[in-house]
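Good morning, and thank you for making time for this.

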Amino acid sequence: MPTKDNINRIAKDLADGLYESYYLNFIAPIPRDLLEELATAALETNSQQSITKIYDQYLDFITLEDDLFCLRQTGRNSISYYALNRPQMRDDEMDAIITTIVDSLFSVCVTLGSVPIIRCPKGEAAEIIGDKLDKKLRDNLRDPRNSLFSSDSMATGALSFQRPLLVILDRSTDLASLLHHTWTYQALAHDIFDFKLNRVEFEEVDESVVLNDGQHPKKKRSYDLIPTDLFWKQQKGNPFPKVAEAIQEDIERYRQSEDEIKRLKSQLGIQGDAQDLAISLLNDTTNRLTSAVSSLPELLEKKRLLDAHTNIATAVLDEIKRRKLDVFYETEEKLMSKQVQEKSLMEVLSDPAAGTPEDKLRLFLIHYICTPTMTQTELDQYTAVLRGSNCTCLDAISYIKRWKSISKISIVSQAREAGTTTTMGMFSNLVNKASKFAMEGVKNLVIKQYKLPVTKIVDNLMECRSSPETDDYRYFDPKLLRSTDAANIARNRQSFNDAIVFMVGGGNYIEYQNLQDYVKPRPPAPPRRIVYGCTELVNASQFLEQSKNFKEEEIDNFRQCFQLFAPQGHVDTPDKLCFIMRSLSMAPTIVELKRYFAKYRKDSGVVEFDDFLKIVLEHRSTENTANEILAAFQQYDTQRLGYIDSKQLKYILTHTGEKLTDRDVELMLRELNVGSDGRVFYDTLVHMMTQPLAARR
């Protein structure tokens, strides 16, 4: 990378005369100021003649597979979902993130050697990225000194049907898929294990070692899953039961080959392993033996890969059984496709033997995302069950609640098109044979193909099909003389055969595999290709971990409020504590305030900010102010009219609970603008009473 530290290192090498000539290759374009700094260093050491070439390689991204790339592994937090969506984002910080993403996408376009048509939704980060990328491509095409794209692509105004489509989407397009339990081999490995840069790592029990307590220790295993691994290439997108059967079949074929070699050894009276056989038979001219020997290297490599995938699949199966991942996957599929459930959601969440607390939280969040409306009472009931299951990341519920309230994405679009699963007979090939995989108790779920929300969007855009979901998407063509956003241009085009789908805020293998299934060859249709990219590859655990950071933003708000009303850094009376808590929409009683103050004050008799956070946490775990006040008023509204008389309200407020003065009640009624009929709609009153002080000023 062209950083100041790297330029200083190169300058030191120039000064030391370390090499005769230098070919400097930078992953990203070197900025002019750093280039000038490098030139100055070369002149000062009289070594400019040794710099032969400087290349801008435009490789500021990571290619994981032929059709998959991401932008970052080191420093990925700088462009994560949280980094892009945190509430207190400054404009300069957002500009820096957007510029980083645009530069990387520009590198992708340069590497592919084509200028794409850009489509993106309005109103979010994807639109800003699309707009800036269009300008960057347009400036490059108009620069006669630049030759990053072929001369054909620089023909202004030309509309080539062979150009790819670049679809830029925001993660909020589909949060459910990010949380979804999966059933395919590659996506399971990413969801369950530490899987990054095509290397999977996991722990397994080492039965060869026994500790003093009789237990077996765990040892770490790691495997590189690369394209040259043919089994991985063929099976990574298949359902796990099918992968397990394929492993068993390959093991059987390997054993047959091994038996054939042993038989040949026995006939010739040769002892030793397969490698010894290869040496002893080098001079043998028998065709049958030559064929056996020539297949030995391939056989040994196949054995190595089979051992690797057997270990990986065994570890996956152990996790499926331990966490009942097949049950969670099937339940979520039925939730998202609106099918009838065998068990209610509450039963699954309450089952102590079903999954980990995080599994249950993911299941509920998918239900919450795909449910158009959920009352606060229902939400509280689910939250209580999750808390009873020891869920520790309930902040994610608060974030999804806020996201649903401000998101422009339709809840319907988060649902599945036609996703179904069928439970087939129990893995006959595995159960009937002496299989390494004990699959009993695991459902053999056969997945019916369907389009995820992202795939549906891409399908509409590639086919230039009119759809309510995509009709208002922005349209950018960098090759046109004038920038345009005319929707009719997009609809009049012929369908696309190639597309790049880029997810801002994190992608996952579930979407990647669904897109690859969508473009699988279906003769006589022409072949199509989709390249999937993202700012980072994220699994559900990592996303939930990021959701905790949104809680930190809330803590910052608490800190600001505390410092505003307690500039000395502490409160010394329950009354001051009451004022701060009520300014944050909490409504503690006098008894509760006195108890909190006595419980959390320090020896000096004051409550500081760290104590205040503990008070807030304890109070919010039990308080539901709006519902409690609403229920109290409904007791007086026996006919459920939705209002009570102002005189009755005045009597309630001055004679029950923490009694208010007549003046306090008059001020409240005046703020409510009570009419001549004296009706007070208590839902409006509750809303006013639970608003923060700042919101009512």
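I begin with helix H27, residues 646-655, and helix H28, residues 662-672, whose axes come within 10 Å and cross at roughly 140°. The axes here are lines fitted to C-alpha atoms, for helices over the stretch in contact, and angles run from 0 to 180 degrees between N-to-C directions. The angle makes H27 oblique to H28; under 35 degrees counts as roughly parallel, over 145 as roughly antiparallel, 65 to 115 as roughly perpendicular, and the rest as oblique. The crossing of H27 and H28 is right-handed, meaning that the near helix is turned clockwise from the far one by less than a right angle.

The model is predicted: local features need pLDDT of at least 70 and side-chain atom pairs count only at pLDDT 80 or more, while totals for chains, interfaces and linings use all residues. Residues are numbered from 1 along each chain as its sequence is written, and side-chain values use heavy atoms, with hydrogens and water left out. Helices (H or I, at least four residues) and strands (E, at least two) are DSSP runs, numbered from the N terminus.

Which residues carry the contact between H27 and H28? From H27 there are Ser646, Leu649, Lys650, Leu653 and Thr654, and they meet Asp662, Val665, Glu666, Met668 and Leu669 in H28, contact being heavy atoms within 4.5 Å. By class, this contact has 5 nonpolar, 2 polar and 3 charged residues. Ala, Val, Leu, Ile, Met, Phe, Trp, Tyr, Cys and Pro count as nonpolar, Asp, Glu, Lys and Arg as charged, and the others, Gly among them, as polar.

A second pair is helix H13, residues 325-336, with helix H15, residues 357-370: their axes are 10 Å apart and the angle is about 5°. H13 and H15 are therefore roughly parallel to each other. On the H13 side the contact includes Leu325, Phe328 and Leu335, and on the H15 side Leu363, Ile366 and Cys370 are among the partners. The residues of this contact of H13 with H15 divide into 7 nonpolar, 2 polar and 4 charged.

Turning to burial, 47% of the 697 residues of the protein count as buried, that is, under 20% relative accessible area, with exposed over 50% and partly exposed in between (1.4 Å probe, protein chains only). Ser104 lies in helix H4, residues 91-112, and is buried, with a relative accessible area of 0%. Beyond its neighbours within four places in sequence, Ser104 is in contact with Asp60, Phe61, Leu71 and Arg72.

Finally, the cysteines. How many disulfides are there? The count is 0, a disulfide being a pair of cysteine sulfur atoms within 2.5 Å. For Cys391, the closest cysteine sulfur is in Cys393 at 8.9 Å, too far for a bond. Cys391 is buried at 8% relative accessibility, and Cys464 is buried as well, at 16%. Cys70, in strand E4, residues 68-70, is buried at 3% relative accessibility. Leaving aside neighbours within four places in sequence, Cys70 is in contact with Phe61, Ile62, Leu64, Cys534 and Glu536. The C-alpha atoms of Cys70 and Phe502 are separated by 9.0 Å, although these residues are 432 apart along the chain.
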